[in-house]
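Me: Could we go through a few local features of this one together? I'll ask as we go.

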Amino acid sequence: MTTRQQLIGESLNAERGEEALTESEVKNSYDFLFPLHVFGYNWLQSNADSAKKLEEFIQATLATYQGRLALNKVILVTHSMGGLVARHYSENMGGTRKFLVLSMG
């Protein structure tokens, strides 16, 4: 049994109004390969320093999937200072060529 299958019907202390995964949702999830990775940064560092680490993280992540994914780009979703880090990477370090989508909230 996979991890996803083990979560069917389990309450994960989600937000109010959210429900546990259903068997059909889990089955549907196997039709897609959108791996999720989380990048953390030290908010005490400059955006430039964090952007360099973000670049390294993106390069390492893409290398992990070399030849297994159709694209060599990432979907980057950010919030607050994470958006500033991503913007520094995209605007000042040429990172936009690594983004399929950059969503800043």
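Me: Is Ser90 buried or exposed?
Reply: Ser90 has 5% relative accessibility and therefore counts as buried, where buried means under 20% relative accessible area, exposed over 50% and partly exposed in between, with a 1.4 Å probe and protein chains only. This is a predicted model, in which local features need pLDDT of at least 70 and side-chain atom pairs count only at pLDDT 80 or more, while totals for chains, interfaces and linings use all residues. Side-chain values use heavy atoms, with hydrogens and water left out, and residues are numbered from 1 along each chain as its sequence is written.

Me: What does Ser90 touch, leaving out residues up to four places away in sequence?
Reply: With that exclusion, Ser90 touches Gly95, Thr96, Phe99 and Leu102, contact meaning heavy atoms within 4.5 Å.

Me: Switching topic, how many aromatic pairs are there in the whole structure?
Reply: The search finds 2, counting rings of Phe, Tyr and Trp (its six-membered ring) whose centres lie within 6.5 Å, with planes under 30 degrees apart called stacked, over 60 edge-to-face and the rest tilted. The rings of Phe39 and Phe57 have centres 5.3 Å apart and planes at 45 degrees, so that pair is tilted.

Me: And how exposed is Phe39?
Reply: Phe39 is partly exposed, at a relative accessible area of 24%, and Phe57 also counts as partly exposed, at 28% relative accessibility.

Me: Which pair is edge-to-face?
Reply: Tyr89 and Phe99 form an edge-to-face pair, 5.7 Å centre to centre with 70 degrees between the planes, and both Tyr89 and Phe99 are buried.
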